[in-house]
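Colleague: Mind walking me through how the helices pack here, and then what sits around the ligand?

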Amino acid sequence: MTNIIIAIDGPAGAGKSTISKLVATKLGINYIDTGAMYRALTLKCIENNIDTENETDVVAMSNQSDINFENNTIYLDGKDVSALIRSQIINKNVSNVAKIKDVRLKMVEIQRMLGSDKDVILDGRDVGTHIFPNTKFKFFLNASPEERGKRRYEEMVSKGEKVVLEDIIEDVKRRDSIDSKREFAPLIKADDAIEIDSTNMSIQEVVDCIVSIVNKNRQV
Ligand code: CDP
């Protein structure tokens, strides 16, 4: 029997990671946050004063980095960087790093390996279009940019970050634009993905929707 791969793609702040973690727990499968890997590389750039728009320097740094995602935890060179990768400076720079083809090729190789033999749910931008295009479980989570910005703002404020709502909404829109327009593996809904607009849905409703579709189709 082949392992189950659930792809959850969509724009920034659509609730992908919250939903994916809950679905993973409910189905008893592993969760892989592919965005955390690009965030960890971005953190390393910032810590080493590498300009994220300088592709050559970013690729060189990425080739000397060890990135892994295990038990809901992102590791950069063996260190848990979960808390450090969610700040506004990372939000502002991560899409520059993620648009570099050589960086993506390296991350995708790791992501495919993590999903090669276990049941997994992965969230990101290119899971259903590029990382695992043949999986039968593909979802595209969406919500209005204002709602997504508001959710992200509340999440950051609850962690004690001092941020302005309008800045966060702008940041979400800017990242979506870079992610959608990049040449290699852009953010785009796969033709065969089920789109869920969560603007007016609760987290639980979205989780139940995904779990019921997976359960209905996994026995077939
Ligand atoms: O949580 P949020 O939606 O804000 O972002 P994330 O999933 O942590 O991803 C951060 C950034 O990484 C995105 O804005 C993309 O630029 C990039 N990313 C990507 O290019 N491909 C993926 N599979 C996942 C993330």
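Colleague: Which hand does the crossing of α4 and α8 have?
Modeller: Quick caveat on the source: this is a predicted model, where local features need pLDDT of at least 70, side-chain atom pairs count only at pLDDT 80 or more, and totals for chains, interfaces and linings use all residues. Residues are numbered from 1 along each chain as its sequence is written, and side-chain values use heavy atoms, with hydrogens and water left out. A crossing is left-handed if the near helix is turned anticlockwise from the far one by less than a right angle, and right-handed if clockwise. For α4 and α8, the crossing is left-handed.

Colleague: Are α4 and α8 roughly parallel or roughly antiparallel?
Modeller: α4 covers residues 88-98 and α8 covers residues 165-181 (helices are DSSP runs of H or I, at least four residues, numbered from the N terminus). Their axes are 9 Å apart at an angle of about 15°, with axes fitted to C-alpha atoms over the stretch in contact and angles running from 0 to 180 degrees between N-to-C directions. Angles under 35 degrees count as roughly parallel, over 145 as roughly antiparallel, 65 to 115 as roughly perpendicular and the rest as oblique. So α4 and α8 are roughly parallel.

Colleague: How many charged residues does the contact of α4 with α8 have?
Modeller: Contact means heavy atoms within 4.5 Å, and the residues making this one include Lys 92 of α4 and Asp 171, Arg 174, Arg 175 and Asp 179 of α8. Asp, Glu, Lys and Arg count as charged; Ala, Val, Leu, Ile, Met, Phe, Trp, Tyr, Cys and Pro as nonpolar; the others, Gly among them, as polar. By class there are three nonpolar and four polar residues, and the charged ones number five.

Colleague: How does α1 lie relative to α9?
Modeller: Helix α1 (residues 16-27) packs on helix α9 (residues 203-218) with axes 9 Å apart, at about 45°. That angle makes α1, relative to α9, oblique.

Colleague: How many nonpolar residues are in the contact of α1 with α9?
Modeller: Among those meeting are Ile 19 and Leu 22 in α1, and Val 207 and Ile 210 in α9. Three residues of this contact are polar and three charged, while the nonpolar ones number 10.

Colleague: What is the distance from a polar side-chain atom of Arg 104 to an oxygen atom of the ligand?
Modeller: Arg 104 is listed with the closest of the 19 residues that surround the ligand (a heavy atom within 4 Å). Its polar contact, a pair of N or O atoms within 3.5 Å, is to an oxygen atom of the ligand, at 2.7 Å.

Methods:
Polar contact = N/O pair within 3.5 Å; in protein donor to acceptor, adjacent residues only side chain to side chain. Helix = DSSP H or I, 4+ residues; strand = E, 2+ residues; numbered from the N terminus.
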